[in-house]
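Please look through the model shown here, which is a predicted one.

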Amino acid sequence: MDFATASQKAKSFTKTPPDNVFLEFYGLFKQATAGDCNIAQPGTLDLKAKAKWSAWNSHKGMSQDAAKAAYIAAYEKYAPQYA
């Protein structure tokens, strides 16, 4: 399975994963497609944006290819539960 297929299938999960799983996918997707986090950290009152920023920033320094491989592994791990 390639990254594009995994990301497309993850978007069509029939069950909504919990926030921690969503953030794992989000952080890996952003790292795979954009590289290291390149936006300022949101303010502490914007909890959703701050959580997304933290998820992306937690993969700082990971290559885009490694992030794609990790995303595919995460998809394969969670697909049986949420697909």
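Q: Which residues are buried in α1?
A: In this predicted model, the buried residues of α1 pack against α2 and α4. Buried here means a relative accessible area under 20%. The residues of α1 that are buried are Phe3, Ala6, Ser7 and Ala10.

Q: How wide an arc around the axis do the buried residues of α1 cover?
A: The residues in question are Phe3, Ala6, Ser7 and Ala10, the buried ones of α1. An α-helix has 3.6 residues a turn, so residues three or four places apart point the same way.

Q: At roughly what angle do the axes of α1 and α2 cross?
A: Helix α1 spans residues 3–11 and helix α2 spans residues 19–34, and their axes come within 12 Å. The crossing in which α1 passes α2 is left-handed. The contact is formed by Phe3, Ser7 and Ala10 on the α1 side, and by Phe25, Phe29, Ala32 and Thr33 on the α2 side. The axes cross at roughly 145°.

Q: How do the residues of the contact of α1 with α2 divide into nonpolar, polar and charged?
A: From α1 the contact draws on Phe3, Ser7 and Ala10, while α2 contributes Phe25, Phe29, Ala32 and Thr33. The residues of this contact divide into five nonpolar, two polar and no charged.

Q: Which element gives the largest share of the largest nonpolar core?
A: This core has 16 residues, and those that touch the most other members are Ala10, Phe13, Phe25, Tyr71, Tyr75 and Tyr78. The largest share, eight residues, is given by α4.

Q: Is Tyr71 buried or exposed?
A: Tyr71 belongs to helix α4, and, leaving aside neighbours within four places in sequence, Tyr71 is in contact with Phe3, Ala6, Ser7, Ala10, Phe25, Leu28 and Phe29. The C-alpha atoms of Tyr71 and Ala32 are separated by 8.2 Å, although the two residues are 39 residues apart along the chain. Because the relative accessibility of Tyr71 is 4%, this residue counts as buried.

Q: Which residues does Tyr75 touch, not counting residues up to four places away in sequence?
A: Tyr75 is among the members of the largest nonpolar core that touch the most other members. With residues up to four places away in sequence not counted, Tyr75 touches Met1, Ala6, Lys9, Ala10, Phe13 and Phe25.

Q: Which residues of α3 are buried?
A: Helix α3 runs over residues 47–57, and what covers its buried residues includes α2. The buried residues of α3 are Trp53, Ala55 and Trp56. They lie on the same side of α3, because they cover an arc of only 160° around the axis; the residues asked for are thus Trp53, Ala55 and Trp56.

Q: What is the relative accessibility of Gln31?
A: Gln31 sits in helix α2. Not counting residues up to four places away in sequence, Gln31 touches Asp36, Cys37, Trp56, His59, Lys60, Gly61, Met62, Gln64 and Ala67. Gln31 counts as buried because its relative accessibility is 0%.

Q: How far are the C-alpha atoms of Gln64 and Ala34 separated?
A: Gln64 is placed in helix α4 and counts as partly exposed, at 36% relative accessibility. Not counting residues up to four places away in sequence, Gln64 touches Gln31, Ala32, Thr33, Ala34 and Gly35. Gln64 and Ala34 are 30 residues apart along the chain, and their C-alpha atoms are separated by 7.9 Å.

Q: What is the relative accessible area of Met62?
A: Met62 lies in the loop between α3 and α4. Apart from its neighbours within four places in sequence, Met62 is in contact with Leu28, Gln31, Asp36 and Ala67. Met62 is partly exposed, and its relative accessible area is 28%.

Methods
Residues numbered from 1 in each chain as written. Predicted model: local features only at pLDDT ≥ 70, side-chain atom pairs only at ≥ 80, totals over all residues. Heavy atoms only, no water. Axes fitted to C-alpha atoms, helices over the stretch in contact; angles between N-to-C directions. Helix = DSSP H or I, 4+ residues; strand = E, 2+ residues; numbered from the N terminus. Left-handed = near helix turned anticlockwise from the far one by under 90°. Contact = heavy atoms within 4.5 Å. Nonpolar A, V, L, I, M, F, W, Y, C, P; charged D, E, K, R; others polar. Core = buried A, V, L, I, M, F, W, Y, C linked by side-chain atoms within 4.5 Å. Buried < 20%, exposed > 50% of the residue type's maximum accessible area, 1.4 Å probe, protein only. Arc of directions from axis to C-beta.
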